[in-house]
Amino acid sequence: MNTEHANPGEAVMEFRGVTKVYGEAESAVAALAGVDFRVDQGEFVAIMGPSGSGKSTCMNILGCLDTPTGGTYLFKGVDAGRLSRKQRARLRRYYLGFVFQGFNLLARTSAIENVELPLIYRGTKARERRERAQRALELVGLKGREDHTPAELSGGQQQRVAIARAMVTDPAVLLADEPTGNLDSARSEEIMELLTKLNREQGITIAMVTHEPDMAEYAGRRILFHDGLVASDTRTTPKRG
Ligand code: ADP
């Protein structure tokens, strides 16, 4: 359990009237048209909605890669829109882990070196880096595969390496963008079971974009976007692996 971030019920991410407008005047597009929601510590949230509904824009703001045009995004009570670029980069490095559809691993680099990368950016010493990366790989079920390159691993295993890389810094939040989009259904379920385990056992807060209802069933909450607005926000009993 990561006690540093373990305060269940505390707001981790909160949108207050968030708007995001791309372009100007007649060509302006409101990707987000006034969005309110809050995600508490320990939640597992699926973000859904048709193409163009604002999911990616929402994730980019949640991940402090972009800032709102209007309204406020609070990350752990801090107004992320008021931070400098450098402060936002720091916030990402210390509090957020990212997982993508395409895994985004370095090709000619071993699993353990891929997992160590975020710790290199943090300036962690070599020995501690190695130990933490080893533990992270064990956590995702890849003990013994430390020296394999991505090409020597299956798609599901590559996504596990990517999840280990996201977890190695002990982030407060894991942001996953279609994490099962490139996997077959059996491998997808394994990845969802792993995310469920990390959420329950490590207490990590997860926000995941998916267009697959089967995958969203693993989350305890579903936020559905439509035309840049939250169309529904429902809590359900999550599917167990
Ligand atoms: P989704 O992820 O649900 O497909 P997006 O957040 O990518 O939706 O997009 C929401 C709307 O904002 C769409 O109409 C899209 O065309 C527009 N949009 C997104 N990013 C940009 C951008 N960088 N420049 C202009 N329009 C954008």
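This is a predicted model: local features need pLDDT of at least 70, side-chain atom pairs count only at pLDDT 80 or more; totals for chains, interfaces and linings use all residues.
**Ligand surroundings and helix packing**

Me: What distance separates a polar side-chain atom of Lys 55 from an oxygen atom of the ligand?
Reply: Lys 55 is one of the residues around the ligand. A polar contact requires a pair of N or O atoms within 3.5 Å. For Lys 55, a polar side-chain atom lies from an oxygen atom of the ligand at 2.8 Å.

Me: At what distances from an oxygen atom of the ligand do backbone N or O atoms of Gly 52 and Gly 54 lie?
Reply: For each of these glycines, the atom concerned is a backbone N or O atom. That of Gly 52 lies from a ligand oxygen at 2.6 Å, and that of Gly 54 at 3.1 Å.

Me: Are α3 and α4 roughly parallel or oblique to each other?
Reply: The axes of helix α3 (residues 111-122) and helix α4 (residues 126-139) come within 9 Å. They cross at roughly 130 degrees, and angles over 145 would count as roughly antiparallel. The two helices are therefore oblique.

Me: How is α5 oriented relative to α6?
Reply: Helix α5 (residues 155-167) and helix α6 (residues 185-201) have axes that come within 10 Å and cross at roughly 20 degrees. Angles under 35 degrees count as roughly parallel. The orientation of α5 to α6 is therefore roughly parallel.

Me: Which residues in α6 meet α5?
Reply: The α5 side of the contact consists of Gly 156, Gln 159, Arg 160, Ile 163 and Met 167. Across from them, the α6 residues are Arg 187, Glu 190, Ile 191, Leu 194, Leu 195 and Leu 198.

Me: Is the crossing of α3 and α5 left-handed or right-handed?
Reply: The axes of α3 and α5 come within 7 Å and cross at roughly 30 degrees. That angle makes α3 roughly parallel to α5. The crossing of α3 and α5 is right-handed.

Note on methods
Residues are numbered from 1 along each chain as its sequence is written. Side-chain values use heavy atoms; hydrogens and water are left out. Axes are lines fitted to C-alpha atoms, for helices over the stretch in contact, and angles run from 0 to 180 degrees between N-to-C directions. Helices (H or I, at least four residues) and strands (E, at least two) are DSSP runs, numbered from the N terminus. Angles under 35 degrees count as roughly parallel, over 145 as roughly antiparallel, 65 to 115 as roughly perpendicular and the rest as oblique. A residue is near a molecule or strand if one of its heavy atoms lies within 4 Å of it. A polar contact is a pair of N or O atoms within 3.5 Å; within protein, one must be able to donate a hydrogen and the other to accept it, and residues adjacent in sequence count only if both atoms are side-chain atoms. Contact means heavy atoms within 4.5 Å. A crossing is left-handed if the near helix is turned anticlockwise from the far one by less than a right angle, and right-handed if clockwise.
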